[in-house]
Amino acid sequence: MLAPAPIQAKASSSATELYLNQARASGSTEDCMALYEKWAASYDDEVGDSAQNYVAPVLVAQAAIKYGLSHGATNSVILDAGCGTGLVGVALAMAQAKAIDGIDLSPAMLSIARKTGIYRDLTVADMNRPIDKSDGTYDLVSCVGTFTLGHVGPNPALRELVRVTKHNGLVVSTILEDIWVPGGFKAEVEKLVAEGLVKVVTDELIDYVKGHGDKAVLLILEKIDRD
Ligand SMILES: C[S@@+](CC[C@H](N)C(=O)[O-])C[C@H]1O[C@@H](n2cnc3c(N)ncnc32)[C@H](O)[C@@H]1O
């Protein structure tokens, strides 16, 4: 299920918001990929400028370090899901993890991520489908900026991120505030909790694309050790 795209992306006040609004208005996975193929080369500059001030990658990496990576970080193996150009991987590298893998829909975004030199492995993947990774592979899975309008829906993605996480490991993600309830994310989390798969460490609201005034839910799930 693709995250809903109500096409009423906020009115663009600058050229740099154009791609952001188009991305959120994607009506299909193919449209979304085509958009990021065009956006990749200028993405880092645009989301980093003061008009957008995309603070989520750094805030999420800080939360990941605080909640999960502060002890034994050098042994941690991380999956950065929807890694894009690698902003989260670069921020997570501060934790000196053992290895960071990335998956993303867009080959052009991945090729920028490859240039960071941070990632061990980078693979094209559609997160609206099952993820081609084994159960319990990662100590921590990050997913930042990808649970947003017109991108990736809650099902099967949230369950898949939990599946590839080790017992007692963390899924650390952002979900655009506008789709947390209407997009079915909160309900899917409640289902995973009711099934005894995860516990919610936090679902607090944080700044996201700060220049745009957007907030996101910082969702941290801990996979329950059922053995
Ligand atoms: C706003 S960017 C966020 C990238 C990076 N995590 C960051 O914070 O800068 C959203 C990313 O989601 C990816 N994406 C969109 N739909 C996807 C899908 N169905 N499966 C995997 N990745 C997807 C895009 O290619 C893009 O790189």
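Start in the middle: the largest nonpolar core has 69 residues, and Val60, Val141, Leu161 and Ile175 have the most contacts inside it. A nonpolar core here is a set of buried Ala, Val, Leu, Ile, Met, Phe, Trp, Tyr and Cys residues joined through C-beta atoms within 7 Å. Buried means that 20 or more other C-beta atoms lie within 10 Å of a residue's own, with C-beta atoms placed from the backbone.

Before going on, a word on what you're looking at. This is a predicted model: local features need pLDDT of at least 70, side-chain atom pairs count only at pLDDT 80 or more, and totals for chains, interfaces and linings use all residues. Residues are numbered from 1 along each chain as its sequence is written.

Now select Val141. Leaving aside neighbours within four places in sequence, Val141 is in contact (C-beta atoms, placed from the backbone, within 7 Å) with Leu79, Ala81, Leu161, Val164, Thr165 and Val171.

Next, pick helix H5, residues 107-116; helices are DSSP runs of H or I, at least four residues, and strands are runs of E, at least two, numbered from the N terminus. Which residues of H5 are buried? They are Met109, Leu110 and Ala113. Look down the axis of H5: these buried residues fall within an arc of 95° (taken from the directions from the axis to the C-beta atoms), so they line one face of the helix. They pack against helix H2 (29-48), helix H4 (87-92), strand S2 (99-104) and strand S3 (121-124).

Step just past H5 to Gly117, which takes a positive phi of about 75°.

Definitions and conventions:
Buried ≥ 20, exposed ≤ 12 C-beta atoms within 10 Å, placed from the backbone. Contact = placed C-beta atoms within 7 Å.
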